[in-house]
Amino acid sequence: MIKEGNTVTHQKSRWSIMPNTPVGLLRSSPRSVRRRAGTPLQDALRVVAAWLDYKRTYHRIPALSVGVVHGNDMVFRAAYGYADEAARRKPTDRTCYRVASISKTFTATAVMQLVERGLVRLDERADYYVPWFKSRRGGSLDAITVRHLLSHGAGVERDGSDHWTTDRFPTLEQLKARVRDGVAVFPPLERWKYSNLGYAVLGQVVAAAGGRSYEDCVRAGILEPLGLTHSGFDLTPKIIQSLALGYGREGPGRGRAPFTHPDTNVWRAAAGMVSNVVDLCAFMSAQFPGSGRLLSDLSKREMRRPQWQRAGEGYGLGYHIWTVDCTPIVGHGGGFQGFKTAIGMDTERKIGVAVLTNAIDGPAQPLMIGIFQTIYDCLGRVDSRASSSATSAALLRYEGRYTNRWGELEIVRVGNRLVGFEPRSDRPLRDVDELERRGPGRFRIVAGAGIGSIGEAVTFQLDARGVPRRLRWGPTPMRRVKTNRQS
């Protein structure tokens with residue numbers, strides 16, 4: 001373990017709590033770092049770091065990059081596994097991924113910027129901006145508005161072609177031809193129907209109203225003002241050099257096969273963005289209310305306002321809306337050839353989470369939700385009161401992963417206590433056990449599930465250097481195993 005100013009970095013897993021370099025408009029203030037040290041948020045991120053390290057291996061994800069932003073501060077960044085398994089190339093927080101449908105949040109932001117400039121009206125018909133959005137077979141395309149397309153209420157086809165299996169994404173002329181042939185499935189507003197094709201059309205609305213290409217509108221309105229130097233739609237040499245290789249599914253008798261990197265053509269507005277967790281955290285920070293960046297707070301509220309509501313989930317303008325512990329989380333997931341990604345924002349607390357994987361079945365959204373749940377559990381359920389530096393130092397030595405034939409147990413310091421949890425859980429702090437120190441190497445389980453060993457003793461066996469090698473959890477022995485978080 002090495003110390004870098006106010007940042008603690010573990011070399012092998014490449015994770016850190018607290019920012020160590022300013023990125024775009026993200027802030028890295030030593031004063032704010034000291035103020036936040038030992039808070040429930042930082043304690044929650046200690047649990048998250050251990051949990052992600054295990055989950056990446058458990059789900060056999062080649063690479064996993066994660067970032068957490070709080071206000072203007074990037075408070076957590078992590079990278080695990082391999083961006084290219086054959087080359088043994090490790091990912092970092094700068095490693096780029098195909099973020100797929102997270103692109104829709106950029107497209108929706110670009111549309112709202114044009115709305116604020118008076119160049120687009122949300123409730124204007126889409127064919128006012130793109131006259132070719134008409135079908136020679138009739139249908140209801142002439143009733144579809146910009147808002148309908150943004151909220152997936154237009155009732156048009158989801159994709160319109162088989163590019164998800166052929167890697168041949170439509171050109172603009174092919175999109176126009178498909179629209180002429182008829183893409184209406186339902187009348188507008190009859191039901192919520194997700195549509196990548198609809199967002200491809202929105203990209204052309206942005207281009208027509210903005211007076212330049214869709215890509216140039218996003219670059220000038222979002223990427224350049226925020227300093228997002230590793231985000232874009234063109235596979236430039238700079239991006240290719242830092243782009244993770246995407247992998248397919250594992251199956252009986254076969255491993256994950258790598259994919260190529262196809263150009264998404266006119267589908268860029270729906271799924272073409274390439275980015276990394278640092279840039280996505282800067283983008284989310286700018287979307288928080290009161291940031292004064294990208295859009296007015298009124299426009300941001302309009303985007304987050306549910307246009308559709310289903311069981312446990314809604315959709316606004318370019319944003320999914322999930323509920324996590326009674327808290328609305330707005331964001332988007334993405335799936336691409338070899339990639340699964342997700343971002344989410346608690347706009348009230350101004351916390352954003354980005355999870356990027358280079359596996360077609362990577363559990364990006366469950367991990368993103370799990371990070372929020374861990375933060376909320378730490379805020380409300382675990383004794384995470386600030387502890388003295390002497391207490392912290394005394395407890396840190398016991399952190400690690402312990403195992404026996406029944407599974408793994410992760411030990412992490414949270415506040416002035418150690419906690420133990422099963423790292424394979426999707427919500428690590430739901431059934432956490434809390435340990436109270438009774439002496440060197442001696443603890444007692446003072447809180448936890450009744451089915452466990454609550455009230456019983458936990459004893460660590462230390463070697464000559466004072467490093468724990470084994471523990472006895474109640475009567476059950478466990479041995480410590482080396483993890484990617486340990487130097």
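On a 1 Å grid over the protein atoms alone, a pocket is an open set of points with protein on both sides within 12 Å along at least five of seven lines, a cavity is a set of points where a 1.4 Å probe fits but cannot get out, and lining residues have an atom within 4 Å of a point. Grid points are joined across faces, edges and corners, and a volume is the space filled by probe spheres set on the points. The model is predicted: local features need pLDDT of at least 70 and side-chain atom pairs count only at pLDDT 80 or more, whereas totals for chains, interfaces and linings use all residues. Residues are numbered from 1 along each chain as its sequence is written, and side-chain values use heavy atoms, with hydrogens and water left out.

The mean pLDDT (the predictor's confidence in each residue, from 0 to 100) of the protein is 88, and 89% of its residues reach 70 or more. In residues 17-25 the pLDDT is below 50, and this stretch has 38 contacts (heavy atoms within 4.5 Å) beyond near neighbours in sequence. The pLDDT is also below 50 over residues 28-37, for which 18 such contacts are found in the model. Where pLDDT is low, the predicted coordinates should not be read in detail.

The protein contains 14 helices and 21 strands, taken as DSSP runs numbered from the N terminus (helices H or I, at least four residues; strands E, at least two). Of its 487 residues, 59% count as buried, that is, under 20% relative accessible area, with exposed meaning over 50% and partly exposed in between (1.4 Å probe, protein chains only). Of the contacts between residues at least 6 apart in sequence, 63% join residues at least 24 apart.

The second largest pocket has a volume of about 690 Å³. Its lining comprises 24 residues, with Glu-408, Leu-409, Glu-422, Asp-433 and Trp-473 nearest the centre. Two or more lining residues come from each of β15 (407-414), β16 (417-421) and β21 (476-481), and β15 supplies the largest share, 3 residues. By class, 10 of the lining residues are nonpolar, 7 polar and 7 charged; Ala, Val, Leu, Ile, Met, Phe, Trp, Tyr, Cys and Pro count as nonpolar, Asp, Glu, Lys and Arg as charged, and the others, Gly among them, as polar.

There is 1 cavity of 30 Å³ or more. The largest cavity has a volume of about 40 Å³ and is lined by Gln-287, Lys-300, Met-303, Arg-304, Tyr-319, Met-345 and Thr-347. The most is given to this lining by α12, with 3 residues.

Gln-287 is also among the buried residues of α11, a helix in which 11 of 11 residues are buried. At the start of α11, a side-chain oxygen of Asn-276 lies within 3.3 Å of the backbone nitrogen of Val-278. Leu-294, in the loop between α11 (277-287) and α12 (297-304), has a positive phi of about 65° although it is not a glycine. Leu-294 counts as buried because its relative accessibility is 16%.

A positive phi, near 60°, is also found at His-152, again a residue other than glycine. His-152 is placed in the loop between α4 (146-150) and α5 (163-166) and, at 1% relative accessibility, counts as buried. Thr-145 is located in the loop between α3 (103-116) and α4. With a relative accessibility of 9%, Thr-145 counts as buried. Apart from neighbours within four places in sequence, Thr-145 is in contact with Leu-122, Asp-123, Glu-124, Arg-125 and Ala-126.

Key:
A polar contact is a pair of N or O atoms within 3.5 Å; within protein, one must be able to donate a hydrogen and the other to accept it, and residues adjacent in sequence count only if both atoms are side-chain atoms.
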